[in-house]
Amino acid sequence: MRRAAVAGASYVTLSPIFATSSKPDAEARGCAWLAAAVAQLSIPVLALGGVTPARVAEVRAAGAWGVVAVSALGAARDPEAAAREFRRALADEETT
């Protein structure tokens with residue numbers, strides 16, 4: 001991840017933070033790992049893997065600049081409504 005920053009990346013995506021159906025064999029790394037990684041980087045970090053609107057506050061508290069949602073949107077019955085939930089959760093975090 002530091003190599004990406006040194007190479008000029010604008011941001012990095014770290015995954016999986018939580019267990020996710022899109023990578024069932026991948027070990028969830030958790031928010032403590034995310035926070036440690038964020039502390040080592042000088043570019044924005046996006047959290048990916050098992051992120052839901054209910055977990056936005058947790059990953060933001062760990063220092064994530066934002067989130068990436070694949071399964072939470074792709075598997076949603078109403079992806080547009082799911083995206084609105086993420087948008088609300090992110091906006092709530094910006095105002096707290």
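Trainee: How much space lies in the largest pocket?
Mentor: This is a predicted model, where local features need pLDDT of at least 70, side-chain atom pairs count only at pLDDT 80 or more, and totals for chains, interfaces and linings use all residues. Residues are numbered from 1 along each chain as its sequence is written, and side-chain values use heavy atoms, with hydrogens and water left out. A pocket here is an open set of points on a 1 Å grid over the protein atoms alone, where a 1.4 Å probe fits and protein lies on both sides within 12 Å along at least five of seven lines. With the volume taken as the space filled by probe spheres set on the points, the largest pocket comes to about 160 Å³.

Trainee: Which lining residues lie nearest the centre of the largest pocket?
Mentor: Lining residues have an atom within 4 Å of a point. The lining divides into seven nonpolar, eight polar and one charged (Ala, Val, Leu, Ile, Met, Phe, Trp, Tyr, Cys and Pro count as nonpolar, Asp, Glu, Lys and Arg as charged, the others, Gly among them, as polar). Of the 16 residues in the lining, those nearest the centre are T20, G49, G50, V51 and S71.

Trainee: Why are E80 and R84 separated by about one helical turn, and how far apart are their closest N and O atoms?
Mentor: They sit four residues apart in helix α5 (residues 79-95), so about one helical turn separates them; helices are DSSP runs of H or I with at least four residues, strands are runs of E with at least two, and both are numbered from the N terminus. E80 is exposed at 57% relative accessible area and R84 is partly exposed at 39% (buried is under 20%, exposed over 50%, partly exposed in between, with a 1.4 Å probe and protein chains only). The pair forms a salt bridge, that is, a side-chain nitrogen of Lys or Arg within 4 Å of a carboxyl oxygen of Asp or Glu. A search of the whole structure finds one salt bridge, and the closest N and O atoms of E80 and R84 are 3.0 Å apart.

Trainee: What covers the buried residues of α2?
Mentor: In α2 (30-40), the buried ones are G30, C31, L34, A37 and V38. They take up an arc of only 130° around the axis, going by directions from the axis to the C-beta atoms, so they are on the same side of α2. The face turned away carries the exposed A32 and A39. With contact meaning heavy atoms within 4.5 Å, the cover includes β1 (12-14), β2 and α3 (56-61).

Trainee: Is L41 buried or exposed?
Mentor: L41 belongs to the loop between α2 and β2 (45-48). V12 is 29 residues away from L41 in sequence, yet their C-alpha atoms are 9.2 Å apart. At 12% relative accessibility, L41 is buried.

Trainee: What is omega for the bond joining S15 and P16?
Mentor: P16 is in the loop between β1 and α2. Most peptide bonds are trans. The one joining S15 and P16 is cis, with omega about -15°.

Trainee: Leaving aside neighbours within four places in sequence, which residues is P44 in contact with?
Mentor: P44 lies in the loop between α2 and β2 and is partly exposed at 30%. G66 is 22 residues from P44 in sequence, with 8.0 Å between their C-alpha atoms. The contacts of P44 beyond four places in sequence are S10, Y11, V12 and W65.
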